[in-house]
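Dear colleague,

Please find below the structure that I am handing over to you. A summary of the findings follows it.

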Amino acid sequence: VTRIALDAIDNDFGRSAVNFNNKYQSKVPGINFTSTDFFSIKETDFRPILSKIKAADAQVIMLYATAGDTIQVLARQMRELGMAGKVRVMGIGDLTHPDNIKNLGDVLEGAVEATVWVPLHDNARSQKFVNDYKEAYKGEVPNFLAYSYWETMHLLAQAIRDAKSVKGDALAKSLREIKYQSVLGSVQFDDHNQANIPMMLLQIKNGTPASLGTFFSQPAYSK
């Protein structure tokens, strides 16, 4: 892969992600960013962006999305434009959710996603969350955002128990010292108050998310 199109949500997260790609592009010889586009969280028409990506002969769309339905709209329109199976999707944005794979498998086969969680994860606590969520929401399968909120609330609850207080200073101290055991592994905060969280890299192979490995989100700060 040498030709990548950057497609990101138009907010601080998306623009920071694009800046990160541009900053480190030189460390991956041969990579060329064919285009960069931003979209709103409520975007319903990706056809202009996809037409530009197709014309530039990009091999991969690097997607940075925070809304779970973005990939659904994008993938359907990729199918309309004859891009299914020809342009691979990578990035973040519910690519490996089982409902998306079921409905959009021709587009998402081979997709690669870095994520904090996937519903098929076989951890017992994770599966209890999935089952409880489905029971509460009429069979809906939770996505990575639902998991993140759920896990964050448990982390905060532990911090409150450890601090024996809900006052700001005591809670901040507790969070700095916490070693919270999440579904995927230990979560701690660094000296910049940034959470270092475990993540997984997945690729859709034959309609199933397959693990390519795990890593932590620890950023490299400027010196």
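**Strands and sheet**

Strand S7 (residues 186-189) is joined to S8 by 2 bridges, and the two run antiparallel. Strands are DSSP runs of E with at least two residues, helices are runs of H or I with at least four, and both are numbered from the N terminus; two strands pair if DSSP finds at least two bridges between them. Phe-189 has Ala-195 in S8 as its bridge partner. The order S6-S7-S8 makes up an open sheet of 3 strands with antiparallel pairing. Its edge strands, S6 (180-181) and S8 (195-196), each pair on one side only.

The model is a predicted one, in which local features need pLDDT of at least 70 and side-chain atom pairs count only at pLDDT 80 or more, while totals for chains, interfaces and linings use all residues. Residues are numbered from 1 along each chain as its sequence is written, and side-chain values use heavy atoms, with hydrogens and water left out.

**The protein as a whole**

The protein has 7 helices and 10 strands. Its C-alpha atoms fill a box of roughly 60 × 50 × 30 Å along the principal axes. Of its 223 residues, 41% count as buried, that is, under 20% relative accessible area with a 1.4 Å probe and protein chains only. Residues 24 or more positions apart account for 59% of the contacts with a separation of 6 or more, where contact means heavy atoms within 4.5 Å.

Notes:
Buried means under 20% relative accessible area, exposed over 50%, partly exposed in between (1.4 Å probe, protein chains only).
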